[in-house]
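Here are some notes on the structure for your reading. Please keep the sequence and the 3D view open as you go through the points.

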Amino acid sequence: AVLLAPEPGERVLDLAAAPGGKTTHLATLMQGQGLLVANEIKTKRTGHLVQNVERWGAGNVVIMNETPENLADHFGPYFDRVLVDAPCSGEGMFRKDMGARADWSLEMVQGCAVRQGNILRVAGKLVRPGGHLLYSTCTFAPEENESVIAKFLEEFTDYEAAGLQQHPGFMHGRPDWLKQGNSADLTKAVRLFPHRIAGEGHFACLLHRKGGEVAERTGESRLARLSKTQAGHWQEFASKTLRVDWDEDRLRVVGDRLYFIPSEMPDFGRLRVVHPGVWLGLLKKDRFEPAHPLALFIKPEEIANGV
């Protein structure tokens, strides 16, 4: 299970550079297994997140619109990986964004550092023992980068800095830029500068939660199953249009929408879930009406009649 908490508006699944400069999104790296929870705290931006996930045809993604605090209260140490792209002062965007330059101030840096520390402390509670937490920003200020990580490690002694894969142009973290303290472990973090890479400016630090007792994951999805009539409409459509044999237990109904949910689907309780999986279509009174995400999710060989 993976929790992804992106900075608002980011292309949230472009997370790993594949050989040859191509980009591989996380849902592909997971090979269709497990559960990926993508959370956007700003309601107005959830539409962009939904569109990105749908375009990639990712089938094991649940999209949420929640606060980090509510996620931590509900799940606890549930996730194997947690990725936090924290809101920051945006110094790494100065090269291409005049607005970022105009908005910047020392007060903004200090304010962002406080907010980032709060987010990171909550995110730390969501990682299972033995799991990893990746913290990233698009800024250079050590107050928002090494300093945030140093304070986190002081408070969460069961975490340690872990190494990241190195690529040409990467620079190590700079704990020597901190005004107080100098943890050598922070050299394992990575700094990216736009004059050294083909891109903008970033900081990333991978944190490992040391091993300990791992609680069993409990709770299953309480989403409604298809009624006999609804199942008949879906089967009539699928038999003529698709060549798939999906587990009927993964077909769930929310209102008049039919979803294909991840195989490892927990109970989300009262949390705000935008999409609990792949939106397949609408269950009308006398038929099933397919939705566009279905076409993006299925493989060419799974289509009965394709061009």
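1. Angles under 35 degrees count as roughly parallel, over 145 as roughly antiparallel, 65 to 115 as roughly perpendicular, and the rest as oblique. The axes of H5 and H6 come within 10 Å and cross at roughly 40 degrees, so H5 and H6 are oblique to each other. Here axes are lines fitted to C-alpha atoms, for helices over the stretch in contact, and angles run from 0 to 180 degrees between N-to-C directions.

2. The model is predicted: local features need pLDDT of at least 70, side-chain atom pairs count only at pLDDT 80 or more, and totals for chains, interfaces and linings use all residues. Residues are numbered from 1 along each chain as its sequence is written, and side-chain values use heavy atoms, with hydrogens and water left out.

3. The protein chain has eight helices and 17 strands. Helices (H or I, at least four residues) and strands (E, at least two) are DSSP runs, numbered from the N terminus. Of its 307 residues, 48% count as buried (under 20% relative accessible area, with a 1.4 Å probe and protein chains only).

4. Which residues bring H5 and H6 together? Ala113, Gln116, Gly117, Leu120, Arg121 and Gly124 in H5 meet Val148, Ile149, Phe152 and Glu155 in H6. Contact means heavy atoms within 4.5 Å.

5. The largest nonpolar core has 41 residues, and Leu133 and Ile149 touch the most other members. Such a core is a set of buried Ala, Val, Leu, Ile, Met, Phe, Trp, Tyr and Cys residues joined through side-chain atoms within 4.5 Å. H6 gives the largest share of this core, five residues. Beyond its neighbours within four places in sequence, leucine 133 is in contact with residues including Val82, Leu120, Phe152 and Leu207. A second, separate core of 18 residues includes Leu226, Ala238, Trp246 and Val253. In soluble globular proteins, nonpolar side chains tend to be buried together.

6. An open sheet of five strands has the order E12-E13-E14-E16-E17, with antiparallel pairing (two strands pair if DSSP finds at least two bridges between them). Strands E12 (224-225) and E17 (288-290) stand at the edges with a single partner strand each, so one side of each has no neighbour in the sheet. Helix H7 (residues 228-241) packs on the sheet, touching E12, E13, E14, E16 and E17.

7. Within that sheet, four bridges join E13 (residues 251-254) to E14 (residues 257-260). Valine 254 has arginine 257 in E14 as its bridge partner.

Notes: Buried means under 20% relative accessible area, exposed over 50%, partly exposed in between (1.4 Å probe, protein chains only).
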